[in-house]
Structures are given as structure tokens and as C-alpha cells.
Amino acid sequence: MTQDYNTYKEIKQQPSVWLKTYDIVLSRKSEIKNFIDRFLGEGYEIILTGAGTSAYIGDALEPALYTTRFRGARALATTDIITNPQMFFDSSSKVLLISFARSGNSPESVGAIKAVEATAGSVAHIFITCNKDGDLAKKKGENILCLLLPPETNDLSLAMTSSYSTMFMCCSMIANIAHIEKDGPQIKEVAQCVEKAMEKYEKEIEKIASLDFKRAIFLGSGPLKGVAEECRLKLQELTDGAVMCSFDSFLGFRHGPKAVVNSDSLLVYLVSPNPKVRQYELDLIHQVKANNNLKGCVIICTHKPELDSSYFDLCIETGMTPSMPPCYGCMSFAFAGQMLGLFKSIDCGLCPDTPSVSGNISRVVEGVTLYI
């Protein structure tokens with residue numbers, strides 16, 4: 001039964017763990033605000049870091065945080081920091097390193113901290129992690145703030161789902177810590193919309209997953225490009241690479257990457273709620289429709305765009321307020337990519353909790369030697 005898989009349970013639990021995380025952040029408001037005020041007041045630059053899915057959190061957050069106090073934060077993967085820290089930091093650098101880590105035990109998580117501390121002039125840390133027993137959760141110091149998420153976010157399955165979205169939401173909450181009480185209704189709206197959308201579209205996503213596509217392309221603009229990046233990984237890793245996936249922005253896709261589209265392709269459009277941005281996206285959707293014979297097409301949106309039903313096989317409407325700040329709202333798109341990966345994994349005859357028959361990937365990355 002699909003419901004017996006940890007991956008399924010962890011996808012479905014996301015709205016509830018977001019609300020639990022909000023309560024955690026709210027209960028620690030003074031502590032969080034004082035820490036952030038201290039280091040941002042001293043001119044520290046915010047770096048968002050992690051590896052793999054945890055890095056993709058930063059990729060989506062970097063543009064999504066533009067309405068918050070964390071505007072200007074930079075996303076740098078731990079895997080880039082470790083190999084070339086001197087490209088990003090020197091003795092004059094003052095860094096507030098926000099580390100995303102499900103387990104907190106991956107070699108890159110610890111290695112990036114050592115690399116930044118050895119290169120930058122001054123470093124403070126915010127650890128957003130799901131594992132109370134992980135290496136990051138155990139670190140203490142006046143320059144360290146650890147935000148431990150609800151224990152169920154420490155996903156048991158290989159693929160990061162609730163850990164990904166909840167770490168994203170937690171960072172967005174602390175970026176708005178000064179008025180976090182006022183953001184409560186928005187966070188609850190996102191949770192309620194996603195819960196309803198998962199229930200409404202689950203069977204239809206399963207039907208799309210049964211299509212015989214060999215490659216999939218996820219497109220998004222702004223913060224949704226980062227979400228598309230993560231959706232791409234979910235489908236690829238949950239099928240053990242049987243479905244090869246790519247992602248891009250709608251405009252960037254025109255400049256060469258569109259060559260990947262063929263009759264074996266599934267195209268997934270993450271359509272922006274911003275009407276100005278959506279104009280560019282609809283232009284590309286029209287062009288692809290006119291020039292290509294796809295295996296399938298999925299649109300994910302807040303509300304159905306100005307297209308007739310011949311343009312898509314499934315339109316997933318979250319029903320969320322289009323004016324929702326992207327630092328919260330773009331997580332309403334992620335569940336669709338997660339569910340698509342889950343059901344395609346099952347369709348491929350794999351176990352979505354442990355899909356890597358090849359052994360090429362594991363829950364916590366292995367085999368990395370640190371040269372620091």
C-alpha cells in the first residue's frame with residue numbers, strides 16, 4: 001500500500017510540521033531576534049548553505065527572501081565552499097552562515113563550517129536541522145543559534161521531502177522574526193491550501209506518473225526556479241535515474257536547454273502567481289505546445305492560467321492567495337514534484353523509501369574525504 005511508505009507519510013505530514021515549526025519559532029522569538037539583530041547589526045553577510053537538496057533550499061530562498069530582512073542573502077553550496085573557500089571569503093569577511101542539514105552528520109556540513117572559519121575573518125552560525133543527535137545540533141557557542149525542527153522532519157526515507165520544505169519555511173520565518181506573530185495567518189493559509197491540494201490531486205498525479213516518459217523538465221521563474229530544481233531531483237533520485245530530469249527558468253530554457261524536449265518528455269510548469277512574470281511563461285508554454293509533441297504536460301499554479309485544457313494533462317491549483325509572499329508561498333508548489341517522484345518510483349517497480357538499487361546514492365552521503 002502506498003500509505004505504508006515513509007516517503008508518502010513524510011510528504012503528507014508537511015502542512016502539520018510547518019505549523020509545529022511556527023510554534024517553535026514563535027516561542028523563541030526574543031532569542032532569535034536578538035541573535036539576528038546582533039550579527040546583522042555588525043554587518044555580517046548571510047550565506048545560505050547545504051548540500052544537494054539542502055543547497056536547493058538556499059537556491060530558492062535567495063530570491064524568495066527579497067521582501068524580508070534577509071534580502072541580499074547568498075546561496076553557496078557546502079560542496080563549493082569546501083573545495084574553494086578562498087573564492088568566496090577572506091580575512092575581511094564577516095559571515096552569518098545559515099546551514100541546512102537534515103541529519104547534521106554529512107561530511108560537507110561539518111567541512112563547510114571548518115572551511116569558512118579557517119578563511120573568513122569572523123563567523124556566526126545558524127543551524128537549521130532535523131536531527132537532535134546530529135553533529136550540528138551538538139555544537140554550542142555564543143556565535144551559534146541552533147533551530148531544531150520537529151523530530152518527524154528527520155525523514156526516514158532516502159529522499160528529503162518534509163525536511164526540505166520545513167527547513168525552507170523555518171528560514172523564512174526567522175527572516176521575518178520581527179513580525180512573526182502577524183505572519184501566522186499566512187503560514188496557516190499555505191499549510192491549509194497544500195493539505196487540500198494534496199488530497200484533491202493525489203490520484204491525478206499518480207495517473208500522470210503512469211505515463212511512459214523517459215525524461216522530465218521542470219521550469220520556474222524566480223524562487224520557483226529553485227523549487228523546480230528540487231522537484232527535478234526528487235523525480236530523478238526516486239526513479240534511480242530511470243527518468244532523467246532537468247530544470248531551468250522559463251526564459252533561460254529558450255537558450256539551448258530546450259533541445260532536451262522530445263516525444264518522451266514530461267514538461268512540468270511551475271507558473272508564477274505574478275501576472276507580469278506569467279506573461280513570459282505563457283509565451284513559452286504556447287511555443288512548446290506549437291512545436292512539440294510531448295508525452296505529458298503538468299501545470300502547477302495558484303489559479304489556472306489563461307489556457308484551454310488542450311495545453312495540459314493536469315492543472316494543479318493550490319488555491320493560495322496570489323499575493324502571498326514567495327518566502328512562504330513557493331512551498332505550496334513542491335508537494336506536486338514530490339508526489340510525482342513517489343508515484344513514478346512505484347510505477348518503476350522500486351521502493352520509494354530506498355530507491356537506489358544501484359547503490360549510487362544513500363540517505364547520508366558516504367565516501368567523502370575532507371582535505372581541510
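## Cavity, pocket and packing report

Ile205, Ile208, Phe218, Val268, Val298, Ile300, Leu314, Ile316, Ala336, Gly337 and Leu340 line the largest cavity. The elements that each give two or more residues to this lining are α9, β9 (296-301), β10 (314-317) and α13 (334-347). With 3 residues, α13 gives the most. The model is a predicted one, and it holds 1 cavity of 30 Å³ or more. The space in the largest cavity comes to about 60 Å³. By residue class, its lining divides into 10 nonpolar, 1 polar and no charged.

The second largest pocket has a volume of about 360 Å³. Its lining comprises 18 residues, and those nearest the centre of the pocket are Pro223, Ser272, Pro273, Asn274 and Pro326. Two or more residues of this lining come from each of α10 (223-238) and α12 (326-329). The lining of the second largest pocket holds 12 nonpolar and 6 polar residues, with no charged ones.

Helix α9 (residues 180-209) also packs against helix α2 (residues 14-27). Two packed helices are described by the angle between their axes and the distance between the axes. For α2 and α9 the angle is about 170° and the axes are 8 Å apart. An angle over 145 degrees counts as roughly antiparallel, and α2 and α9 are therefore roughly antiparallel to each other. On the α2 side, the contact is made by Pro15, Trp18, Leu19, Tyr22, Val25 and Leu26. In α9 these residues meet Ile180, Glu181, Gly184, Ile187, Lys188, Val190, Ala191, Val194, Glu195 and Met198. The residues of the contact divide into 12 nonpolar, 1 polar and 3 charged.

| Residue set | Nonpolar | Polar | Charged |
|---|---|---|---|
| Lining of the largest cavity | 10 nonpolar residues | 1 polar residue | no charged residues |
| Lining of the second largest pocket | 12 nonpolar residues | 6 polar residues | no charged residues |
| Contact of α2 with α9 | 12 nonpolar residues | 1 polar residue | 3 charged residues |

Aromatic pairs are the last topic. A search of the whole structure finds 4 of them. One is formed by Phe35 and Phe39, with ring centres 4.9 Å apart and planes at 55°, so the pair is tilted. Phe35 and Phe39 both lie in helix α3 (residues 29-41), where they are 4 residues apart and thus separated by about one helical turn.

Terms used:
Residues are numbered from 1 along each chain as its sequence is written. This is a predicted model: local features need pLDDT of at least 70, side-chain atom pairs count only at pLDDT 80 or more; totals for chains, interfaces and linings use all residues. Side-chain values use heavy atoms; hydrogens and water are left out. Axes are lines fitted to C-alpha atoms, for helices over the stretch in contact, and angles run from 0 to 180 degrees between N-to-C directions. Angles under 35 degrees count as roughly parallel, over 145 as roughly antiparallel, 65 to 115 as roughly perpendicular and the rest as oblique. Contact means heavy atoms within 4.5 Å. Ala, Val, Leu, Ile, Met, Phe, Trp, Tyr, Cys and Pro count as nonpolar, Asp, Glu, Lys and Arg as charged, and the others, Gly among them, as polar. On a 1 Å grid over the protein atoms alone, a cavity is a set of points where a 1.4 Å probe fits but cannot get out, and a pocket is an open set with protein on both sides within 12 Å along at least five of seven lines; lining residues have an atom within 4 Å of a point. Grid points are joined across faces, edges and corners, and a volume is the space filled by probe spheres set on the points. Rings of Phe, Tyr and Trp (its six-membered ring) pair if their centres lie within 6.5 Å; planes under 30 degrees apart count as stacked, over 60 as edge-to-face and the rest as tilted.
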